[in-house]
Amino acid sequence: MEEEQVQPVRPVVQEVQCRSVLGASGICDYAVNCYTGCVHGCAYCYARFMGRFHHVDQAWGDFVDVKVNAPEVLAKQIARAGLFPSGSVFLSSVCDAYQPLEEKYALTRKCLLLLVQAGYSVHVQTKSRLVCRDFDLLAAPNATLCLTITTLDAGLAARIEPGASPPADRLETLRRARAAGIRVKAFVGPLLPGLSDSQEQLSELFAALAPLGLEEVYIDRLNLRWGVWPAMKNLLGEADPQSAAATRAMLFDDHRSRAYNRWLRAAVRKAAAAAGLSASINVIL
Ligand code: SF4
């Protein structure tokens, strides 16, 4: 009997019109999201709450709304003097600004150009090598590029971040960005208990980051946000049911969660010292 071929799910892509694209943000003063949804489809994605409002019948990662008029709307918002005074802008807070559709639509590029020219302090965070296309804009003194690197293990990354660039490409992107004169940072996280947070894994990761000339490295752990545990539990259980049970106990118990934070802070300090990492370390726990 022939084995049935499982076809990958194609994301449902819809072009939409938006009325606003520059919005208040808890990360920077503002955030710009040119897409709703993200085909990187990370298992731990905190932005999956967007699925409560859009495409409720589809899994996170299976849909993207493309805000095709985002640059025109942003230009109008910037021009409304006084309403959006200059400040810091994060690209992007609920999608990856450089997910594959950006190659076709270039909405992030057009918005980035407007923001940089208007004097906003722009922070781009991505898991995609596609950002290399926009190094000419990111070399501006008011721009910073941050690559998220959760693990060096390409197999693990393919399971937890199936649509994103492989870890080696992200390291190479940081190398090239630094060589292009761009201010570079790394976001290490969320570290996944039992999958990517061992002392050995942290040491290897920091050793890879140390030569990159990073200004700052942010560290984050897995946190419970809307829909994250249901998405993560199968993945953790596949790897090791016992470890999944321990992670569940830690995440849902304040005392164990605080103990884990203390352990992780110490493990990060140890790994950073051993690697000789000169970047400032910002542990967000
Ligand atoms: S790249 Fe970011 S926004 Fe996209 S799925 Fe992954 S965590 Fe979510």
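Before the first stop, a word on pairing: two strands count as paired if DSSP finds at least two bridges between them. Keep in mind, too, that this is a predicted model.

Start with the sheet of 8 strands. It is open, its pairing is mixed, and the order runs β2-β3-β6-β7-β8-β9-β10-β11. Select 22-24 and 280-284: these are β2 and β11, the edge strands, each pairing on one side only. On average, neighbouring strands in this sheet are turned by 25° against each other, direction ignored.

Now zoom in on β2 and its partner β3 (residues 30-32), an antiparallel pair held over 3 bridges. Click alanine 24 and you'll find tyrosine 30 of β3 as its bridge partner. Next, pick helix α3, residues 107-118: it packs on the sheet and touches β3, β6 (88-91) and β7 (121-126). The helix direction makes about 155° with that of β7.

Stay around and select valine 32. Its contacts beyond four places in sequence include Val21, Leu74, Phe90, Cys111 and Leu115. In the largest nonpolar core, which has 87 residues, Val32 and Leu209 touch the most other members. Helix α10 (residues 254-275) gives this core its largest share, 6 residues.

Last stop: another open, mixed sheet, with 3 strands in the order β1-β5-β4. Here β1 (12-16) and β4 (35-36) are at the edges with a single partner strand each, so one side of each has no neighbour in the sheet. Select β1 with β5 (residues 63-67) to see a parallel pair joined by 5 bridges. Which residue of β5 stands opposite glutamate 15? Valine 66 does.

Notes
Residues numbered from 1 in each chain as written. Predicted model: local features only at pLDDT ≥ 70, side-chain atom pairs only at ≥ 80, totals over all residues. Heavy atoms only, no water. Helix = DSSP H or I, 4+ residues; strand = E, 2+ residues; numbered from the N terminus. Core = buried A, V, L, I, M, F, W, Y, C linked by side-chain atoms within 4.5 Å. Buried < 20%, exposed > 50% of the residue type's maximum accessible area, 1.4 Å probe, protein only. Contact = heavy atoms within 4.5 Å. Axes fitted to C-alpha atoms, helices over the stretch in contact; angles between N-to-C directions.
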